[in-house]
Amino acid sequence: MQREEFIDCCGLNIRKVNLVDLLLSPPMLVAYILLAIGLIGWIEIYHLRFFHHFVNNGDVIKVAGGDPEALKEAGYALKEQIFGLKEVEEVNKAEPWGIFVSQYTYLLYGGSALIFMVALAELFHLKVAPKVAAALMTFGIAMALGGMTSIASDWGNPLNIFWMILNPQPQSGMWLMLPLYSIYIPFTFIEIYFLITNKREMARKFAGVLVILGIIIDIIEFFIQGILFNLNTPRHLWTDIPLLFVYFLLTGALTAVGGAILFSFLALKNKPYFADTISILRKAGLALIVLVGIYEVINLNVVDPKWVSLITGNSPVASMYWTYIIIGLVVPFIFLLFRSRLLNLLGALGIIVGTFFMRQAFIYGGNIVPMTERVPGMGPQANGIYDLAEVKPFAYVPPHAMEVLIIIGCVGVGILIYTILDKLFAVRDVNDHADH
Amino acid sequence: MANYAMALEYQNCIDCRACEVACKDENEVMLGADKQRIWVGIVEGGETLADVFLNFYPSQCNHCVDAPCVTVCPTGASHFVEGGIVKVDYDMCIICKGCMEACPYDARFVDETRHAVDKCTFCDGRIQEYGTTACSATCPTKVRTFGDLEDPNSDLVKLLENREFFVLKEDEGTMPKLFYLVPQDKEYAKRTLGDVKTHKWSEFKAKYQQATDEQKSQWKKA
């Protein structure tokens with residue numbers, strides 16, 4: 001077997017990797033395929049936002065009687081807006097946040113919770129923690145960055161983001177994300193740096209402080225995510241769940257356990273500590289399923305009954321919710337009870353799929369009670385006497401094909417980031433012999 | 001300092017949509033799109049010829065005293081201007097749609113011609129010159145009465161002092177400034193208003209005044 005060579009830089013051993021090996025490794029090829037799928041969606045959405053024809057009354061007045069080309073343009077835009085609006089319009093009033101935000105919460109909460117759990121495992125000196133910490137934290141930050149790509153895709157005009165720096169809005173949960181991520185992401189990379197550095201003495205000196213700081217920053221992160229959703233006063237699903245940030249943390253941790261089990265099967269299977277890792281993750285998964293299950297029972301009893309009734313039945317979100325309960329909680333609970341590797345892997349896959357449906361049910365569920373229901377007891381309002389028969393007691397708009405393509409692309413971003421970091425810094429192997 | 005609001009005699013609405021046309025003309029709203037700055041919501045009820053009804057609820061942004069859309073905006077694009085009008089600075093909007101989620105009245109939309117979230121502005125450029133909004137000036141049945149809540153001689157305050165009214169989604173605590181006047185036919189009102197709470201201005205005035213005074217420091221110069 002060829003001996004690997006490393007370059008030492010700032011205490012880091014950077015693996016000398018052949019560029020072809022780096023760019024054409026199997027995980028990178030998977031990432032490229034997913035990114036290519038995402039690219040179709042990104043191009044389409046960019047075109048939709050910036051190159052479609054839209055016209056207002058002012059434009060019509062300006063072109064009237066003038067340039068025939070401008071007239072043609074206005075005519076085309078009117079035709080598109082009047083006859084094709086449903087296809088052209090990207091954002092629906094009934095459901096401003098959709099699958100991009102679902103994917104963001106899914107990947108970001110899962111990734112952050114994974115980093116949080118690794119820090120906890122380090123704090124409590126779990127035997128396998130030092131061996132797997134670097135790999136799992138890198139996996140977690142790659143997930144988080146994939147999620148952030150999704151939210152960046154959701155913003156219609158991200159070029160104006162500099163106003164968040166020039167005009168701070170500390171009362172806004174969304175603004176608080178800016179200072180949070182400015183600290184959180186570099187801090188996580190510093191944690192990973194100290195885990196994989198060859199300056200062992202320095203790493204040891206800072207390890208305890210970093211772990212505790214990491215846990216505090218993670219809790220603050222989930223707390224701010226809770227504020228972000230809590231501020232949406234009319235969406236009672238988001239405001240009624242007690243201690244929303246704890247719910248996010250627990251459900252994120254469940255996604256993280258599912259992801260970590262799958263990751264272990266794919267990347268750590270030949271390691272001597274694989275069995276111990278799976279055993280710990282299996283127990284953590286069982287405990288989290290029980291805690292999340294208890295939370296769901298509480299939620300059903302405290303959330304506004306209008307939301308509960310639509311989420312558990314009588315709306316398209318009900319299928320997402322029950323898929324999550326069955327595939328994400330019940331089936332994995334049964335499978336994780338056994339020590340069978342195959343059942344554990346299937347349980348993890350159930351958690352990964354089920355918790356994605358949970359995020360969908362949460363985001364789409366928040367919007368499910370129509371905001372057009374303005375006068376209590378009168379039901380939702382139609383917007384035209386010819387629409388009366390069309391009025392539904394719920395608000396649900398399925399995601400566009402391009403949106404689905406983009407969220408697939410976001411998974412590709414995560415895989416790409418992880419693979420590059422793993423190839424260069426050998427995060428899976430570097431601490432194979434490390435102990436507390 | 002003025003505090004603008006609107007009373008709606010919604011029983012007068014005939015769903016002619018002249019207000020929507022006037023709004024699109026005045027504010028250069030994207031054509032072809034339904035239900036943007038202002039709209040008419042429709043609710044039907046009753047089962048027999050004796051009790052069937054069709055209510056039109058002309059609506060728009062409620063310019064809430066405690067507007068959640070302003071609170072959640074991460075860039076400060078959503079803000080209050082003089083008169084307590086809630087506005088959007090298009091050059092600052094990132095279209096995160098947080099304000100659309102926070103608004104209980106579905107009053108915001110993405111205006112593709114401006115690449116920003118937009119909403120009713122109470123025609124703030126127009127009211128300095130003409131004293132009212134395009135929608136209220138156009139309405140053939142005088143549904144809308146626009147005015148200043150702090151002027152006791154305004155038509156708006158006089159109307160509110162003499163009539164009962166209700167506001168939309170009062171429980172959300174946003175203190176909306178669209179006041180829907182309860183139909184004068186008590187029986188009809190009772191049958192067609194669902195579980196809505198009705199109020200008198202004497203009950204509301206102090207509460208609104210106090211909340212407005214607390215918010216005034218946030219109002220920017222128009």
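Predicted model: local features only at pLDDT ≥ 70, side-chain atom pairs only at ≥ 80, totals over all residues.

Me: How many helices and strands does chain B have?

Reply: Chain B is built from eight helices and 10 strands. Its radius of gyration (taken over C-alpha atoms; the globule rule is 2.2 Å times the number of residues to the power 0.38) is 17 Å, close to the 17 Å that the rule gives for 222 residues, so chain B is as compact as a globular protein of that length.

Me: What is the order of the strands in the open sheet of chain B?

Reply: Strands of a sheet pair through backbone hydrogen bonds, either parallel or antiparallel; here two strands count as paired if DSSP finds at least two bridges between them. The four strands of this open sheet of chain B follow the order β8-β1-β10-β9, with mixed pairing. β8 (144–148) and β9 (165–166) of chain B stand at the edges with a single partner strand each, so one side of each has no neighbour in the sheet. Between β1 (residues 4–8) and β8 of chain B the pairing is antiparallel, over five bridges, and B:Met6 stands opposite B:Phe146 in β8(B).

Me: Which helix lies across these strands of chain B?

Reply: Axes are lines fitted to C-alpha atoms, for helices over the stretch in contact, and angles run from 0 to 180 degrees between N-to-C directions; residues are in contact if their C-beta atoms, placed from the backbone, lie within 7 Å. Helix α6 (residues 155–162) of chain B lies across β1, β8, β9 and β10 (178–181) of chain B, and runs at about 110° to β8(B).

Me: At what angle do helices α14 and α15 of chain A cross?

Reply: The axes of α14 (residues 305–312) and α15 (residues 317–337) of chain A come within 6 Å and cross at roughly 75°. The two helices are therefore roughly perpendicular (65 to 115 degrees; under 35 is roughly parallel, over 145 roughly antiparallel, and the rest oblique). A:Leu310, A:Ile311 and A:Thr312 of α14(A) make the contact with A:Val317, A:Ala318 and A:Tyr321 of α15(A).

Me: How many residues does each chain give to the contact between chain A and chain B?

Reply: Chain A gives 48 residues and chain B gives 51 residues.

Notes:
Residues numbered from 1 in each chain as written. Chains lettered and ligands numbered in written order. Contact = placed C-beta atoms within 7 Å.
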